[in-house]
Amino acid sequence: MFSKNLGVMLYVDDVAAEKVFWKAVGFDIVAESEVMGFETFDMKSHADSTATFTVYAKEFIRQVSPEVIDMQPSVLFETEDIEGLQARIAGLTATCSPVNAEPFPNFNFASPSGQYYAVKGN
């Protein structure tokens, strides 16, 4: 059986820039380490979340799992305050869309590595 916890691995060009960005967005950095000389960190969208995102340098992944380097998850976050979160993220990156009404309140944005994420309003 799988546990209730979920881990998502993100492969990025600049781990340090991603950490600064996600902290500014409001994520909790729950662990930081170095693996084979590469910086990595774990983060959660909320302290009580059962989902953990682990951020790895693409160069590290090329060394240990080159077959997955081009795989990118499509991640959908949820929020109670879509307007407030959109404004916060729009202040951090030029790649943040306005809030769209259809098919449900949503917006998307890219992190410093150019990976896009979606946000759905509750």
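In the predicted model, M36 is placed in the loop between β2 (28-35) and β3 (38-44), where helices (H or I, at least four residues) and strands (E, at least two) are DSSP runs numbered from the N terminus. Although M36 is not a glycine, this residue has a positive phi of about 55°. M36 counts as exposed because its relative accessibility is 54%, the classes being buried under 20% relative accessible area, exposed over 50% and partly exposed in between, with a 1.4 Å probe and protein chains only. Together with V35 and V64, M36 forms a nonpolar patch on the surface, with about 240 Å² of accessible area in total. Patches are made of residues with over 30% relative accessible area and no salt bridge, like charges being joined within 9 Å and nonpolar side chains (Val, Leu, Ile, Met, Phe, Trp, Tyr) within 5 Å; accessible areas come from the Shrake-Rupley method with a 1.4 Å probe, and for residues only the protein chains shown count as cover. V64 belongs to helix α2 (residues 58-64) and, at 39% relative accessibility, counts as partly exposed.

Residues are numbered from 1 along each chain as its sequence is written. As this is a predicted model, local features need pLDDT of at least 70 and side-chain atom pairs count only at pLDDT 80 or more, while totals for chains, interfaces and linings use all residues, and side-chain values use heavy atoms, with hydrogens and water left out.

A search of the whole structure finds 4 salt bridges, each defined as a side-chain nitrogen of Lys or Arg within 4 Å of a carboxyl oxygen of Asp or Glu. One of them joins the side chains of D13 and K58 (3.7 Å, N to O) and links distant parts of the chain, with D13 in the loop between β1 and α1 and K58 in helix α2, 45 residues apart. D13 is exposed, with a relative accessible area of 54%, whereas K58 counts as buried at 18%. The side chains of E39 and K19 also meet in a salt bridge (2.7 Å, N to O), which connects strand β3 to helix α1 across 20 residues of sequence; K19, E32 and E39 are linked in a network of salt bridges. Within helix α2, E59 and R62 lie 3 residues apart, about one turn of the helix, and their closest N and O atoms are 3.3 Å apart in a further salt bridge.

The largest nonpolar core comprises 29 residues, of which W22, M43, F53, F77 and F109 touch the most other members; such a core is a set of buried Ala, Val, Leu, Ile, Met, Phe, Trp, Tyr and Cys residues joined through side-chain atoms within 4.5 Å. Among the elements that give two or more residues to this core are β1 (6-12), α1 (15-25), β4 (51-57) and β7 (116-121). Y117 lies in strand β7 and is buried, with a relative accessible area of 3%. Not counting residues up to four places away in sequence, Y117 touches L10, W22, V75, F77, F107, N108, F109 and S111, contact meaning heavy atoms within 4.5 Å.

Finally, a cis peptide bond, with omega of about 0°, joins E102 and P103, and P103 is found in the loop between α3 (82-90) and β6 (106-110). N106, in strand β6, is buried at a relative accessible area of 13%.
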